[in-house]
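Let's take a quick tour of a protein, starting with the whole and then heading inside. Keep the 3D view open while you read.

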Amino acid sequence: MAATDTVTIDRERIAELTQRETDRLNELTKGSGEMFHRANRHLASGVASSYQVREPWPIYLSHGAGPKVWDVDGNEMYDFHNGFGSMVQGHAHPAIGHAVRERYEQGTHFAAPTEDAIVVGDELARRWGLPKWRYTNSGSESTMDAIRIARGFTGRDDILKIFGSYHGHHDTVMVSIGVEYDKIGPHEAPNSIAYGGGIPQSTVDHVFAVHFNDAESMEKRIEALEREGRKPACVIMEAAMMNLGVVLPEPGYLEAVRDITARHGIVLIFDEVKTGLCIAAGGATERFGVRPDMVTLAKALGGGLPSGAIGMTEELAHVVEDGTVYQVGTFNGNPLGMAATRANLSEVLTPDAYRHLDHLNDRLLGGCESVIERYNLSGYAVGVGSKGCVTFSPTKIIDYETFKYNQDAALAELAWLYNMNRGIFMTPGREEEWTLSVTHTDESVDAYVAVFDEMAKDLTS
Ligand SMILES: Cc1ncc(COP(=O)(O)O)c(C=O)c1O
């Protein structure tokens with residue numbers, strides 16, 4: 001829909017509704033407020049990770065079952081946050097519970113390999129078409145080790161990433177994310193900027209960024225770096241950006257990136273920490289039909305236990321196998337995590353599960369689109385597999401530049417408050433998308449659409 005057809009939403013109305021909904025949420029979550037005071041004594045900001053921080057207090061949860069979670073005040077909510085997209089199998093899935101209980105009885109950690117690790121490796125190789133695998137315990141560990149393997153393989157230190165993409169919290173990837181629009185820099189060669197303190201400038205200096213959906217500027221940047229004797233070891237990217245809502249690859253983009261990296265001898269890493277297992281059995285690699293040299297997984301892999309993996313070609317695996325690069329970790333392949341992962345892959349995330357997720361997401365996206373049309377809102381619904389969002393923007397978002405230029409943070413905040421106050425638990429980061437689980441039903445996604453409808457009505461009335 002063209003921007004001119006849409007209603008202009010009164011900013012004062014947004015502010016007024018935001019105040020009303022904030023008061024309502026504070027009233028509904030007083031128990032969380034009390035817990036926050038207790039938590040704040042010895043937990044920094046009262047939370048385990050800064051991504052859980054929220055003013056005036058975070059919402060503390062007590063339990064979850066299937067598609068629902070409950071907070072400490074007893075509020076029952078459909079979970080569309082799903083642990084930043086980790087719980088695509090739903091909460092307390094019996095198959096995973098059974099595997100974990102069984103494994104617990106047999107001992108949970110040896111720092112020695114177990115059979116489940118082999119079965120999981122076989123299945124990941126089948127799903128991704130990459131022959132060699134290693135395990136980690138998180139997405140950050142996966143991207144950190146993948147980059148180290150690429151550096152060890154090529155003997156080069158510099159890396160290329162997509163501007164605005166999040167790949168975890170180790171120094172090398174905490175660059176050029178969450179940047180204000182006026183700090184992005186020129187489109188062809190955007191700035192390299194540390195994300196927060198404590199990141200050495202010498203690390204930032206090894207990281208270059210280009211914009212998503214622009215293969216031409218990627219190749220130009222690579223050629224310019226080559227001329228300076230700074231050819232990157234790898235390109236690390238998400239095949240579909242999942243930290244600006246959802247930004248899908250334009251037709252031909254991933255194929256072009258594959259071709260460019262292959263021609264220049266640069267390792268292509270698809271960070272599938274979010275897309276892997278959530279948008280198809282074989283993640284973005286399967287869904288978009290382009291195979292990288294390496295894949296990083298975590299989040300939904302472990303069925304709720306901390307678990308990560310790196311898939312790679314035979315050639316790349318040589319530098320691990322011959323001891324050139326240390327890919328190590330006490331808890332890598334932890335038996336409890338591997339048992340949960342095996343059950344997750346073999347019993348939960350089956351072909352039927354992906355058919356169900358696609359059905360639900362189509363219904364949800366369609367429902368949101370019809371609300372947008374009915375109220376002439378400026379925005380669109382976009383998603384793939386279990387993931388999606390409503391993007392409040394008059395034009396299509398294709399990269400970080402267009403995202404930041406068009407971002408309507410106030411409306412995204414209001415949508416989050418409406419959801420939280422009406423039984424929809426959403427990710428606290430307002431740039432996040434929803435993740436459905438295999439236990440969600442038509443009824444759960446219709447509940448989401450009904451809340452969106454109510455907000456649209458209130459905004460336009
Ligand atoms: C694409 C991507 N890669 C890596 C990570 C880091 O994963 P973790 O938080 O498990 O370290 C994230 C986390 O949100 C992510 O979205």
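Predicted model: local features only at pLDDT ≥ 70, side-chain atom pairs only at ≥ 80, totals over all residues.

Here, a residue counts as buried when its relative accessible area is under 20%.

**Overall build**
- The chain forms 16 helices and 14 strands.
- Its radius of gyration is 22 Å, close to the 23 Å that the globule rule gives for 461 residues, so the protein is as compact as a globular protein of that length.
- If you boxed up the C-alpha atoms along the principal axes, you'd need roughly 65 × 55 × 45 Å.
- Among contacts with a separation of 6 or more, 74% link residues 24 or more positions apart.

**Inside**
- In soluble globular proteins, nonpolar side chains tend to be buried together.
- The largest nonpolar core here has 107 residues, and L124 and M237 have the most contacts inside it.
- Helix α13 (residues 351–374) gives this core its largest share, 9 residues.
- Another core, of 24 residues, lies apart from it and includes I199, M312, V320 and V325.
- Who does M237 touch, not counting residues up to four places away in sequence? Its partners include I162, F212, L254 and F270, along with H167 and D271.

- The protein exposes about 19100 Å², and carbon and sulfur atoms supply 52% of that.

Terms used. Residues numbered from 1 in each chain as written. Heavy atoms only, no water. Helix = DSSP H or I, 4+ residues; strand = E, 2+ residues; numbered from the N terminus. Rg over C-alpha atoms; globule rule 2.2 N^0.38 Å. Contact = heavy atoms within 4.5 Å. Areas by Shrake-Rupley, 256 points an atom, 1.4 Å probe, with all protein chains shown as cover. Core = buried A, V, L, I, M, F, W, Y, C linked by side-chain atoms within 4.5 Å. Buried < 20%, exposed > 50% of the residue type's maximum accessible area, 1.4 Å probe, protein only.
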